[in-house]
Amino acid sequence: MPPRPEPVADAAGAERLVAETLRRMEELEGVLEHESAHIRAGRLREGLADEARKAALAGAYLQGLETVKANAVALARFAPAGVAALREAHRRFAAIVETNQTVLATARAVSESLMKSLSSELARAAQPQGYGAQRPAPSPYGAVRATPLVLSRSL
């Protein structure tokens, strides 16, 4: 069971919680923007290099949100301006997350498309060429399977 969030009892605690949550959100925004920029430019290795840091920041951010939710009444009472700042920052953060997800989905779709195209080209090149309908010769061993693709990660 996760530890219970520490309750906010005064204005200083409310301001500290808001500041910590905003700081975590800004750090995570920076990592997501960095990742998106590298992936857009085709530098996948550099874009995905901060996965561990991104996961740690996302976990810390989610813990912060749980603490904010648990102390919503106290925050509204002690730091109403901080609550407004959190709402605005969260709107901005949601847009950055959506952009990052779009970039990642596009990169995935492009790479899948390239692999499918490469596979079909290899399969087409492996078939014997001749006149008439293109049919593979029947095999006494059953259906002929496509040859496997080999991917070099060192390129």
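**Reading helices, pairs and a core**

Mentor: Lys54 is buried, with a relative accessible area of 16%; the term buried means under 20% relative accessible area, exposed means over 50%, and partly exposed lies in between, with a 1.4 Å probe and protein chains only. What you see is a predicted model, in which local features need pLDDT of at least 70 and side-chain atom pairs count only at pLDDT 80 or more, while totals for chains, interfaces and linings use all residues. Residues are numbered from 1 along each chain as its sequence is written, and side-chain values use heavy atoms, with hydrogens and water left out.

Trainee: Which residue meets Lys54 in a salt bridge?

Mentor: Side chains of opposite charge can pair when their charged atoms come close. A salt bridge is counted when a side-chain nitrogen of Lys or Arg lies within 4 Å of a carboxyl oxygen of Asp or Glu. Here the partner of Lys54 is Glu51, at 3.5 Å from N to O, and both residues lie in helix H3, 3 residues apart, about one turn of the helix. Glu51 is partly exposed at 35% relative accessible area, whereas Lys54 is buried. The two residues also belong, together with Glu35, to a network of salt bridges.

Trainee: What do the helices and strands of the protein come to?

Mentor: Helices (DSSP runs of H or I, at least four residues) and strands (runs of E, at least two) are numbered from the N terminus. The protein has 5 helices and 0 strands, so that the sequence reads as α-α-α-α-α. A contact is a pair with heavy atoms within 4.5 Å, and among contacts between residues at least 6 apart in sequence, 77% join residues at least 24 apart.

Trainee: What share of the 155 residues counts as buried?

Mentor: The share is 23%, and the protein exposes about 11,600 Å², of which carbon and sulfur atoms supply 59%; these areas come from the Shrake-Rupley method with a 1.4 Å probe, and for residues only the protein chains shown count as cover.

Trainee: Which members of the largest nonpolar core touch the most other members?

Mentor: In soluble globular proteins, nonpolar side chains tend to be buried together. A nonpolar core is a set of buried Ala, Val, Leu, Ile, Met, Phe, Trp, Tyr and Cys residues joined through side-chain atoms within 4.5 Å. Of the 20 residues in the largest one, Met25, Leu28, Leu75, Leu86 and Phe93 touch the most other members. At least two residues of this core come from each of H1, H3, helix H4 (72-78) and H5, and the largest share, 8 residues, comes from H1. Phe93 is buried at 7% relative accessibility, and beyond residues up to four places away in sequence, Phe93 touches Met25, Leu28, Glu29, Leu32 and Tyr61.

Trainee: How many aromatic pairs does the structure hold?

Mentor: Rings of Phe, Tyr and Trp (its six-membered ring) pair if their centres lie within 6.5 Å, with planes under 30 degrees apart called stacked, over 60 edge-to-face, and the rest tilted. The structure holds 1 such pair. The centres of the Tyr61 and Phe93 rings are 4.9 Å apart and their planes stand at 55°, so the pair is tilted. Because Tyr61 lies in helix H3 (residues 51-70) and Phe93 in helix H5, the pair ties together parts that are 32 residues apart in sequence. Tyr61 is buried, at 4% relative accessible area.

Trainee: Where is Leu122 found?

Mentor: Leu122 is found in helix H5 (residues 80-126), and is partly exposed at 39%. With Met115 and Leu118, Leu122 forms a nonpolar patch on the surface, with about 240 Å² of accessible area together. Patches are made of residues with over 30% relative accessible area and no salt bridge, joining like charges within 9 Å and nonpolar side chains (Val, Leu, Ile, Met, Phe, Trp, Tyr) within 5 Å.
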